[in-house]
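Let's take a walk through this one together, with your viewer open and a selection tool at hand. Each stop tells you what to pick and what is there.

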Amino acid sequence: MAQRKSLNVNGKAVRITVDDPDMPLLYALRDNLQLHGPRFGCGLAQCGACTVHVDGKAVRSCVTPLSSLSAQQKVVTLEGLGTPERLHPVQRAFIEEQAVQCGYCINGMIMESAAFLARTKKPTEAQIKDALANNLCRCGTHARIVKAVMRAAGA
Amino acid sequence: MTMHTSRRDVLKGGGALVVSFSFAGNIGEALAQGAKPLTLTEVDSFLAIDAGGEVTLYSGKVDLGTGVATALPQIVADELDVPLNRIKLIQGDTALTPDQGTTWGSLSIQIGGMQLRNAAATAKAALLQQAAERLGAKREELKVADGVVSAGNKRVSYGELIGGKRFALTLDHAKPAPAKDPKDYKFVGKPLPRVDIPEKVTGRFTYMQDFRVPGMLHGRVIRPAAIGATLESVDEASIKDVAGVVKVVREGNFLAVVAESEWGAIKGAERLKASWSKSQTLPEAAKLWDEVRASKVVKDEVTSNVGNSAEAIAQAGAKTLKATYDFAIHTHGSIGPSCAVAEFKDGKLTSWSASQATHNLRKQLATMFGIPADNVRCIYIEGSGCYGRNGHEDAAADAALLAKAVGRPVRVQWSRADEHGWDPKGPPTLIDLRAAVDGAGAVTAWESEFFIPQQTAGSFNVPLVAATLAGMPAGEDIAPGNIFQNSAIPYKFANVKTVCRRLASTPFRPSWIRTPGRMQNTYANECFIDEVAAAANADPVEFRLKFLDPNDKRGIEVLDRAAALAKWDKRPSPRRDQQGDVAVGRGVAYCKYELMRTYIAAVAEVEVKRSTGDIRVRRFYLAHDCGQIVNPDGLRNQLDGNVIQTLSRTLIEELKYDRSAVTSLDWASYPILRFPQIPELVYDLIDRPNERPWGAGEPSAAVVPAAISNAVFDAIGVRLRSVPFTPDKVLAATKGAA
């Protein structure tokens with residue numbers, strides 16, 4: 001049965017219509033709201049490509065049922081983190097380090113790193129690698145991603 | 001920059017040609033007006049300049065996340081003398097771009113880029129000729145800057161000279177037009193930032209997986225429970241409660257659910273009850289190598305034969321070495337599972353996919369549906385990186401079949417299990433090697449046999465899964481790529497024979513994965529030469545240099561420079577001075593790609609923990625000579641990818657399966673390398689601006705497995721001959737060596 005669901009996404013209150021209240025957030029963001037930042041990679045919370053922030057925490061949207069979210073919780077996607085005109089420091093650092101190959105995983109790398117840097121001000125390289133240990137990249141961009149996160153941290 | 005254009009833009013071809021973005025749109029009309037040229041022998045196939053001076057490039061080679069969407073315009077901007085931001089690039093659209101061959105084999109710059117350079121140089125010569133006439137000046141008086149030709153104070157722009165009209169000039173790629181002197185380059189050779197990255201880091205980029213068309217439905221496939229199984233029954237009532245399901249599509253053994261929403265399609269596919277016959281076509285995994293060795297040989301391909309190796313080995317007094325190497329079955333492992341959209345309208349098919357071979361896919365889809373290729377248009381949209389022929393083409397076939405079945409455009413998104421379970425695999429490779437060394441340490445003979453699947457009749461058609469399952473024309477080709485390459489060796493021994501034993505079959509549908517064959521073959525060759533060097537008690541670098549062709553100066557230089565970069569510790573392997581649990585070692589590997597292009601040498605520094613068998617790569621050094629470097633930062637990015645991805649394949653990856661199907665269906669059962677395991681990467685890029693550019697997207701992957709195996713041998717005196725080098729195998733090999 002179609003039903004309405006209220007969410008707060010990228011600073012805006014939105015209402016969507018869904019058939020299944022347990023549909024993962026990922027599909028609401030991608031299909032109902034036409035966002036491209038969060039990506040489908042596995043649907044199993046294994047790769048991190050779908051990562052978004054919920055109240056500032058990095059969350060795997062592919063396994064987050066809509067029913068677990070209230071309209072007050074702030075969902076932020078890659079689009080809401082920063083724009084081409086007003087880049088978030090992590091996004092800027094990824095451009096400066098050219099830390100992208102195909103870029104499919106990069107949403108998760110940036111969202112996970114931004115949440116990590118918000119709580120860890122002066123991380124070591126090893127801490128960054130640990131923070132990203134559950135985000136998978138197949139192209140082999142890891143070394144540049146670590147450099148970008150170090151740069152964003154001002155290290 | 002405006003180089004990355006949306007495919008929704010109206011594309012301007014030569015003359016007054018306007019092509020809309022879908023087949024169902026104006027292409028018929030456009031064709032009626034005289035289609036945009038697509039041959040490889042016309043300038044207009046490759047580029048157009050509009051009245052405003054904007055240059056459109058048409059490239060059959062596509063950017064798979066490798067950076068060629070930046071590098072190709074760099075080449076043309078220099079050759080035409082236009083600003084980079086006045087160039088836009090159309091990629092892989094069968095109605096608009098010439099068939100420059102599949103995007104594979106590290107050939108996008110080497111072939112695609114050089115064809116574009118030739119087109120640009122030819123176009124520029126014609127533009128200057130016209131400008132000289134228009135301005136009443138001599139050709140040598142003309143100056144060009146930013147697409148404007150001047151003679152004294154008289155000026156004319158490219159847009160004024162050609163704007164919208166066709167060049168109508170022919171091209172001979174065997175005899176290219178004189179190109180610019182590399183000393184005058186403004187763009188080539190510079191580490192310019194990639195044009196796609198700002199959009200990719202802000203969520204503005206449209207990947208294939210993001211692409212939508214109006215009125216589109218969502219499809220999910222349900223693959224057979226076992227390879228070769230027959231679909232016995234489907235209980236459509238089992239998903240009657242799933243909202244939005246439009247249709248269950250069943251065609252032979254092809255089964256899918258089409259729904260209004262993506263989530264509806266996912267739930268429908270998960271819940272649909274279907275029963276399949278039992279099928280056990282796969283070998284017992286534990287006996288894979290016995291099966292490979294026992295496979296029927298359809299052809300022995302001799303890839304090199306010098307002197308008489310059999311006689312030299314049989315000769316008394318010669319010390320003979322023998323070894324067998326194997327390399328596991330790998331999956332492409334794209335982070336984004338394959339995805340495609342298709343629309344059938346009036347008997348014509350438009351297919352949007354991330355295929356690296358849209359021109360070939362067009363023919364395959366035409367065969368599958370029994371329609372003329374003229375009625376199929378395949379349009380490339382960049383997807384998740386594919387590293388070879390993964391599932392993109394199969395998703396395109398799935399989408400086309402479903403679009404036909406429901407009469408509306410359909411998007412098919414594979415699940416993670418679809419991707420791991422059903423993308424074509426890198427076939428298992430088994431290699432036997434023998435060498436004879438005389439008392440003076442000279443190699444008198446080298447022999448090798450590579451047990452690799454056949455390539456049927458030169459085919460690069462990997463059968464489309466949907467066509468096979470649905471009983472539509474699919475063919476039964478075996479197309480693993482050019483996997484014989486680098487079976488022959490770069491070393492000059494008196495007697496050499498290398499043979500590829502081409503097998504009638506291989507357990508999984510094969511295709512090419514980054515550095516196909518060259519990786520497996522170089523691994524065996526470069527490990528075994530290390531074995532021979534150790535038997536001769538020689539330093540591994542010195543030993544290689546001794547047998548390289550002395551006239552092959554670039555090969556010698558790349559090896560010398562890798563050794564210098566890594567501060568190579570000259571001595572025979574293994575070290576015998578380490579007693580503790582953790583031992584360190586260094587290993588070298590060398591490759592001349594396909595024995596005719598890009599040179600690479602690598603040094604790996606590893607730590608091996610004897611008690612656990614864990615290998616940690618500390619540093620990886622590469623010296624790399626691909627001739628003229630178009631974008632050094634793009635090159636470094638590609639080298640990172642080659643090294644890290646191949647470390648993952650070498651240390652960890654192995655497809656698991658039972659007698660019926662793949663059981664590595666996610667990242668837990670097919671793990672790949674993670675951040676904490678990434679080594680420090682150190683490169684020496686040898687730039688040769690006056691040489692032609694060669695490929696760089698895969699050659700350096702070839703040297704990674706051997707450099708690691710050789711470093712482990714140096715550390716602990718144990719030879720690893722079975723990829724992946726898992727801790728279990730290290731422990732077993734240690735036990736065997738003791």
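Start by selecting strand β1 (residues 3-9) of chain A together with β2(A): the two pair in the antiparallel sense over 7 bridges. Strands count as paired if DSSP finds at least two bridges between them; helices (H or I, at least four residues) and strands (E, at least two) are DSSP runs, numbered from the N terminus. Click on A:S6 and you will find A:R15 of β2(A) opposite.

A word on what you are viewing: this is a predicted model, where local features need pLDDT of at least 70, side-chain atom pairs count only at pLDDT 80 or more, and totals for chains, interfaces and linings use all residues. Residues are numbered from 1 along each chain as its sequence is written, while chains are lettered from A and ligands numbered from 1 in the order in which they are written.

Now widen the selection to the open sheet of 5 strands in chain A, ordered β2-β1-β5-β3-β4 with mixed pairing. Because β2 (12-18) and β4 (57-60) of chain A stand at the edges with a single partner strand each, one side of each has no neighbour in the sheet.

Finally, show both chains: their contact takes 48 residues from chain B and 49 residues from chain A. On chain B's side, α17(B) gives the largest share, 7 residues.

How values were computed:
Contact = placed C-beta atoms within 7 Å.
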